[in-house]
Amino acid sequence: QGARRANATRWLARSEINLFLPCTIAAMQLQLCLVSAVSAACPPNGFDTTVSGFDIKQYASARWFTQQQMEVTYLPKDQNNCVYADYTVKDSPTALGYDVGVHNHAEEASGKVHEADICAKIVDGAAGKLEVAPCFLPTALSGPYWIVDYSESEGYALVSGGPPTKEGADGCKTGSGVNGSGLWIFTRKQERDEALVQKVRGIAKDLGFDLSVLNDVDQSKCSMVVV
């Protein structure tokens, strides 16, 4: 009698395992599907630059001042002062295949200056898609740099380190390392135009970007002020 009861108990235990195991597996599969669905939402469906017939020479014709930018490895927040970029289109590509020179300038609140020169390769000129890297590196190691939205007449540019592939607090964002990272709001004028900045933020929001990553850049106390 005792042996029969023990066998019955073991059979019941195996039955419970067999009953709940498929449910557990199904729950795990559902969780993976939900995670995949969230990941698949970034970048937003159909995300791309909005520019067409982009003219790199016009874009590079004058200095761009940064009004807001995302903190990444090479752009710490303590350098969010007096940030600007100058672009120079080369007459012919460099030996490594770069088409554009980029001079970046930033300052700390103390006035300490940080400057760097990098290079850009035109990937899809009409769509405003470039890749950037230190000039001594082969272009195979360069990272995406997209002019997502741009108006020369209004004097603004929305620039991203490629498509925003990561889920953020309120939308999608790029990475925060070196390649595939960054988000910038540029204006031609150094003095901040709040209405214009808000307009570009709205464009970025409509494209699915997480605006919480953007930090203000102070252009008011610079070693050189452009009037």
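1. Where is the place of proline 43? Proline 43 is in the loop between α1 (2-40) and α2 (56-59). (Helices, H or I with at least four residues, and strands, E with at least two, are DSSP runs numbered from the N terminus.) The peptide bond that leads from cysteine 42 to proline 43 is cis, with omega near 0°. Most residues other than glycine have a negative phi, and most peptide bonds are trans.

2. A word on the model before going further. This is a predicted model, in which local features need pLDDT of at least 70 and side-chain atom pairs count only at pLDDT 80 or more, while totals for chains, interfaces and linings use all residues. Residues are numbered from 1 along each chain as its sequence is written, and side-chain values use heavy atoms, with hydrogens and water left out.

3. Now the overall picture. The protein chain has three helices and eleven strands, and from the N terminus on its elements run α-α-β-β-β-β-β-β-β-β-β-β-α-β. Of its 227 residues, 40% are buried (buried means under 20% relative accessible area, exposed over 50%, and partly exposed in between, with a 1.4 Å probe and protein chains only). Among contacts with a separation of 6 or more, 61% are between residues 24 or more positions apart; contact here means heavy atoms within 4.5 Å. The chain exposes about 12,500 Å², and carbon and sulfur atoms supply 57% of that (areas come from the Shrake-Rupley method with a 1.4 Å probe, and for residues only the protein chains shown count as cover).

4. Beyond its neighbours within four places in sequence, asparagine 81 is in contact with Ala106, Glu107, Glu108, Ala109, Val217 and Asp218. Its C-alpha atom is separated by 8.6 Å from that of glycine 111, 30 residues apart along the chain.

5. Cysteine 82 is also in strand β2. Cysteine 82 has a positive phi of about 55° although it is not a glycine. With a relative accessible area of 3%, cysteine 82 is buried.

6. Helix α3 deserves a point of its own. The helix spans residues 194-206, 13 residues in total, and reaches 18 Å from its first C-alpha to its last, close to the 18 Å expected at 1.5 Å a residue (the expected span is 1.5 Å times one less than the number of residues). At the N-terminal end, aspartate 193 caps α3, with a side-chain oxygen 3.2 Å from the backbone nitrogen of alanine 195. (A polar contact is a pair of N or O atoms within 3.5 Å; within protein, one must be able to donate a hydrogen and the other to accept it, and residues adjacent in sequence count only if both atoms are side-chain atoms.) Just after α3, glycine 208 takes a positive phi of about 100°.

7. Which residues of α3 are buried? They are Leu196, Val197, Val200, Arg201, Ile203 and Ala204. These residues cover an arc of only 155° around the axis, so they are on the same side of α3; the arc is that of the directions from the helix axis to the C-beta atoms. They pack against β1 (64-70), β6 (143-151), β7 (156-160), β10 (183-187) and β11 (214-216). On the other side of α3, Ala195 and Asp206 are exposed.

8. Next, the salt bridges, of which there are eight (each is a side-chain nitrogen of Lys or Arg within 4 Å of a carboxyl oxygen of Asp or Glu). One of them joins the side chains of arginine 188 and glutamate 152, at 2.9 Å from N to O. Arginine 188 lies in the loop between β10 and α3 and glutamate 152 in the loop between β6 and β7, so this pair ties together parts that are 36 residues apart in sequence. Arginine 188 is buried at 15%, whereas glutamate 152 is partly exposed at 26%.

9. Lysine 205 and aspartate 170 also meet in a salt bridge, at 2.7 Å from N to O. Lysine 205 lies in helix α3 and aspartate 170 in the loop between β8 (166-168) and β9 (171-173), so the pair ties together parts 35 residues apart in sequence. Lysine 205 is partly exposed at 35% relative accessibility, and aspartate 170 is partly exposed at 46%.
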